[in-house]
Amino acid sequence: MSIFMSKMCHIKFLCGLAELNQQTLFRSDIFMNMNAVGIDVSKRKSTVAILRPGGKAVGKPFDVPHLSADFQSLIKRIRELDGETRIVMECTGRYYEPVARELSQAGFFVSAVNPQIIRNFQGQDNPLRKVKTDKADSVKIARYTLDSWANLKQYSLMDELRSQLKTMNRQFDFYMKHKTAMKNNLIGLTDQTYPGANAYFDSPAREDGSQKWVDFIDTYWHVDCVRKLSLTAFINHYQKWCSRKKYNFSKSKAEEIYGKAKELIPVLPKDSFTKHIIKQAVGQLNVSSQTVEQLRSLMNETASKLPEYPAVMAMKGVGPSLGPQLMAEIGDVTRFTHKGAITAFAGVDPGVNDSGDYSQKSVHASKHGSPALRKTLFQIMDVLIKTKPDDAVYLFMDKKRAQGKPYYVYMTAGANKFLRIYYGRVKEYLAALPTSN
């Protein structure tokens with residue numbers, strides 16, 4: 001009986017071994033049919049390398065100009081490959097976007113990865129001998145594709161939406177700087193024609209970007225436009241101006257403005273030249289302000305289409321302006337593997353300095369990440385400091401401030417804590433969303 005049982009166990013073992021060999025052969029067959037396409041993207045052309053497992057090259061790396069006919073040739077060449085194909089490129093600047101979009105719309109698996117990941121990837125490279133050419137970079141990207149095959153994230157239309165939002169944010173930042181320059185220019189000119197007129201009103205900008213003090217200077221561009229009138233005449237004129245511009249009228253404010261005008265001494269005379277340069281400066285500022293508000297509105301509208309929008313907008317210190325800016329610079333939060341990764345991306349992670357028994361307790365933030373994201377984070381921290389909400393981040397910063405920590409220290413610490421909370425809340429919110437079939 002024992003001999004019979006022993007033979008049966010031996011037969012089962014052989015059958016299991018045969019099944020295991022078949023599975024291994026099947027998996028090996030799939031593995032050998034992998035095509036890793038690495039693309040090094042530049043401004044006007046891309047360099048393409050195609051590798052199979054084991055580093056076997058499918059031809060030499062080749063260049064593809066960013067022209068429609070050449071893209072179609074590339075698509076045809078990739079489709080002729082046997083087996084499963086995955087395409088990887090670095091998400092550098094804006095150059096990769098048309099390449100990723102064309103190949104993705106052609107039905108290929110496309111992944112855009114952070115350039116720092118490719119830079120740190122060694123593969124079969126000799127770390128003692130660095131070769132930096134487009135062909136070598138494309139081969140390195142292809143090797144990374146093979147090595148990270150199962151963990152690659154596919155490029156999607158949502159990535160295009162995020163890319164558009166990021167582009168809007170960069171334009172928003174550009175026009176904000178332009179608006180500030182135009183504002184300072186107008187104030188500088190006004191100091192020579194109507195000193196202090198820019199400080200008469202503190203009303204916030206309207207939805208179209210117009211501001212009361214700018215409209216006031218547009219009409220009363222020189223102090224003589226006010227003081228050459230009688231008090232009654234100016235009050236009547238100012239009241240009509242408020243009605244026409246749809247501003248609130250205050251008689252006491254009109255009297256205050258008239259009284260100050262009587263005491264001012266302008267530098268430039270009230271003539272056609274002075275009027276021209278003031279009107280021109282006002283027009284330029286209004287155009288910049290209008291563009292900023294249009295971009296602000298468009299960014300909020302675009303950000304609202306992203307799945308994490310409700311979770312982000314519910315956070316303290318974040319509003320319809322800073323919320324979209326924050327989402328634009330962080331991008332897809334799921335690409336970060338842990339909380340430390342997102343703080344490192346922003347450059348608000350604490351540095352490390354230790355050797356042997358020595359360990360420095362206080363080290364400056366790395367500041368190796370995105371400066372645009374750090375700027376947005378500091379603006380959010382500034383809102384929290386001013387509004388003083390019942391919020392964990394504000395309470396944390398207030399505690400650090402009470403301990404006598406310098407401004408930059410507690411603001412950076414607050415940004416770090418905010419990002420960690422952001423990471424947890426957004427990932428939790430996205431995980432709870434129903435998945436579409």
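Colleague: Are α15 and α16 roughly parallel or roughly perpendicular to each other?

Modeller: This is a predicted model, by the way. Helix α15 (residues 371-387) packs against helix α16 (residues 392-402) at an angle of about 80°, with 10 Å between their axes. Angles of 65 to 115 degrees count as roughly perpendicular. So α15 and α16 come out as roughly perpendicular.

Colleague: Okay, and which residues of α16 does α15 meet?

Modeller: By class, the contact of these two helices has 6 nonpolar, no polar and 1 charged residues. From α15 come Met-381, Leu-384 and Ile-385. In α16 they meet Val-393, Tyr-394, Met-397 and Arg-401.

Colleague: Which residues lie nearest the centre of the largest pocket?

Modeller: That pocket has a volume of about 1,500 Å³, and 43 residues line it. Its lining divides into 16 nonpolar, 15 polar and 12 charged residues. Elements giving at least two lining residues each include α3 (96-105), β6 (109-113) and α14 (339-346). Nearest the centre you'll find Cys-91, Val-113, Asn-114, Arg-335 and Phe-345.

Colleague: α6 (157-193) also supplies at least two residues of that lining. How far apart are the closest N and O atoms of the Asp-173 and Lys-177 salt bridge?

Modeller: The structure holds 15 salt bridges. Asp-173 and Lys-177 sit 4 residues apart in helix α6, so about one helical turn separates them. In their salt bridge, the distance between the closest N and O atoms is 3.4 Å.

Notes: Residues numbered from 1 in each chain as written. Predicted model: local features only at pLDDT ≥ 70, side-chain atom pairs only at ≥ 80, totals over all residues. Heavy atoms only, no water. 1 Å grid on protein atoms, 1.4 Å probe; cavity = no way out; pocket = protein on both sides within 12 Å on 5 of 7 lines; lining within 4 Å. Points joined across faces, edges and corners; volume = space filled by probe spheres on them. Nonpolar A, V, L, I, M, F, W, Y, C, P; charged D, E, K, R; others polar. Axes fitted to C-alpha atoms, helices over the stretch in contact; angles between N-to-C directions. Parallel < 35°, antiparallel > 145°, perpendicular 65-115°, else oblique. Contact = heavy atoms within 4.5 Å. Salt bridge = Lys/Arg side-chain N within 4 Å of Asp/Glu carboxyl O.
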